[in-house]
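This briefing covers the disulfides, the nonpolar core and the aromatic contacts of one protein model. Please read it alongside the sequence and structure shown here.

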Amino acid sequence: MFKNSRGIRVGMFVAGACVLAATTACSPQQSAPQPGTPDAVASSSAGSDQGEPGGNSSPVAANTQGSSGSAGSSTRQDCGVDVLKLTIGESDGAAGHIYAPLQFTNTGPTTCTLSSAPGVSYVGSGGRQIGEPAKRVIKDRPVISLAPGDTASAPFLFSPVAHMTPEDCGAEAAEGLRVYPPNSKAAMFLPLPNAMGCTTFTQDADYAKVGVVQAGPNNTVIG
């Protein structure tokens, strides 16, 4: 259900953000091991279905939201899945789409960096990808430095059509999102209650998009 305000706060079916029975805002969902995979195991392989370095990896447990990160770094050490915690923030809607921040928190003991857009796709049972991955929108690649406990976020846009008119897009039930952090060959799994993914849309259909990682936990603007 939707509730009118300055934006549209998403309640019941946010097509993959979260489902809450009695509220109008989504509480952050934390990443967890994907069903059928070992707990907290990061695997990597050659190739990528996300357009970012990374393989068809087994999803990984990510681990809570801290303070916002900052742009810029004198040294570059990419944040890996072993130190990142992945969550999804509150969702807003406009013009037939839902906007939510994919939040990356550095749980490690040292500063690391993120740059560019993550790879994102809906997955079903056993990690099977549903439909095309989200289109990555990259106009620049700021280097975001994350001190221990800091959080940065990438804006994720998607359409609720899979829930509203599932027959229009060959919608299938999804268990969550597979997310490749920028420049990572290992993936993380973010469970999403009652999620649905479309199978017939191409990346040019604007069904799902993801932008570059930016400083702060609540970025929802792509561009």
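The points below are grouped by topic.

The model is predicted. A search of the whole structure finds two disulfides, and the count of aromatic pairs comes to three. The largest nonpolar core has 39 residues.

**Disulfide Cys 79 to Cys 112**

- Cys 79 and Cys 112 are joined by a disulfide with an S to S distance of 2.0 Å.
- The torsion about this S-S bond is about 95 degrees, so the Cys 79 and Cys 112 disulfide is right-handed.
- Cys 79 sits in the loop between strand 5 (70-71) and strand 6 (84-88), while Cys 112 belongs to strand 9 (residues 112-115), so the pair ties together parts 33 residues apart in sequence.
- Cys 79 has a relative accessible area of 2% and is buried.
- Cys 112 also counts as buried, at 4% relative accessibility.

**Disulfide Cys 169 to Cys 198**

- The sulfur atoms of Cys 169 and Cys 198 are 2.1 Å apart and form a disulfide.
- The link of Cys 169 and Cys 198 is left-handed, with -60 degrees about the S-S bond.
- Cys 169 is in the loop between helix 1 (161-164) and strand 15 (172-180), and Cys 198 is in the loop between strand 16 and strand 17 (208-210), so this pair ties together parts that are 29 residues apart in sequence.
- Cys 169 is buried, its relative accessible area being 0%.
- Cys 198 is buried as well, with a relative accessible area of 3%.

**Nonpolar core**

- Within the largest nonpolar core, the residues with the most contacts are Leu 102, Phe 104, Val 120, Tyr 122, Phe 156 and Leu 177.
- Strand 16 (residues 188-197) supplies the largest share of this core, five residues.

**Aromatic contacts**

- By the ring-pair rule there are three aromatic pairs, one of them formed by Phe 201 and Tyr 207, which is tilted, with 5.5 Å centre to centre and 45 degrees between the planes.
- Phe 201 counts as partly exposed, because its relative accessibility is 26% and the partly exposed class lies between the buried limit of 20% and the exposed limit of 50%.
- Tyr 207 is buried, with a relative accessible area of 6%.
- Tyr 122, Phe 201 and Tyr 207 form one aromatic cluster.

Methods:
Residues are numbered from 1 along each chain as its sequence is written. This is a predicted model: local features need pLDDT of at least 70, side-chain atom pairs count only at pLDDT 80 or more; totals for chains, interfaces and linings use all residues. Side-chain values use heavy atoms; hydrogens and water are left out. A nonpolar core is a set of buried Ala, Val, Leu, Ile, Met, Phe, Trp, Tyr and Cys residues joined through side-chain atoms within 4.5 Å. Buried means under 20% relative accessible area, exposed over 50%, partly exposed in between (1.4 Å probe, protein chains only). Helices (H or I, at least four residues) and strands (E, at least two) are DSSP runs, numbered from the N terminus. A disulfide is a pair of cysteine sulfur atoms within 2.5 Å. Rings of Phe, Tyr and Trp (its six-membered ring) pair if their centres lie within 6.5 Å; planes under 30 degrees apart count as stacked, over 60 as edge-to-face and the rest as tilted.
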